[in-house]
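Hi everyone, thanks for coming.

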Amino acid sequence: MKHLTLGPFSIPCEIVPSSKRQLKLSFQRAQPVLRIEAYKGRLGNKEKEFLKRQSGWIQQQYQLHLELNQQQKAFFQQLAQGCVLLFGENRPYSIIRGPRFSQHLDENAHFIIQTPTPNKYPAEAWLYKALKSAGKAFLIERTYHWAKVTHSKVNAIRIKGQRSRWGSCSQKGNLNLNWHLIFVPPHLIDYLIIHELMHLREMNHSPAFWAEVNAYCPTFRQDRQELRSYEWVIGMMEDWES
């Protein structure tokens, strides 16, 4: 892998051939590698000058993605030590034999995964399945709760493993939520759900939309900012599972 030296950083980069003459720069989520899409995969003097002009942005994004990557690594190190991040807190987890597959938090806030065949699959597979199942159940319950409170008509709730966003909604009343929300504190989950429900009234981020959000979540400004600090978890288990 090639490296680009900018300021104090030696930034890993990959050059991807493109049919377009305009240079495109990007970072994949939580991956501190600069992706450079260049015409026929070549970097001439013009392209190198462009990289210099974008030096500040590249360094800022590299540092951000480096921090996100380190947070992800810490998460998986915790998993290897028997703890998992749930609702914003690290909790011990155990995989035990039981009559059927299920998961729950016990009275000591330990995440318990039960299965008739605990040794059939690696622990990672059971943990992935349990977390996704728990996330789906919690998000559906909270969405119906807030739909009732806000008098919102929801057509369908779809729980997915999106790699780039927390959720979305459509004009048909369909809500798509990311099951990775199970890793963030409950009050932030509630904010996100309210946010999406209010889009059923205002399909934009206008002052009218934020007024609707504020009616049910007066702390939305703080919640919005705090939720951004958890963006490193979006889609990370999908990468891990695959």
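So, is F75 buried or exposed? F75 is buried, with a relative accessible area of 4%; buried means under 20%, exposed over 50% and partly exposed in between, with a 1.4 Å probe and protein chains only. A word on the source: this is a predicted model, where local features need pLDDT of at least 70, side-chain atom pairs count only at pLDDT 80 or more, and totals for chains, interfaces and linings use all residues. Residues are numbered from 1 along each chain as its sequence is written, and side-chain values use heavy atoms, leaving out hydrogens and water.

Now to the partner of F75. F75 and F183 form an edge-to-face aromatic pair, 5.3 Å centre to centre with 80 degrees between the planes. Rings of Phe, Tyr and Trp (its six-membered ring) pair if their centres lie within 6.5 Å; planes under 30 degrees apart count as stacked, over 60 as edge-to-face and the rest as tilted. F75 lies in helix α2 and F183 in the loop between β11 and α4, so the pair ties together parts 108 residues apart in sequence. Helices (H or I, at least four residues) and strands (E, at least two) are DSSP runs, numbered from the N terminus. F183 is buried too, at 0%. Both rings belong to one aromatic cluster, together with F76, Y128, W179 and W232.

Next, the sheet. It is open and mixed, with 4 strands in the order β5-β6-β8-β7; two strands pair if DSSP finds at least two bridges between them. Strands β6 and β8 run parallel, joined by 5 bridges, and S94 has I112 as its bridge partner in β8.
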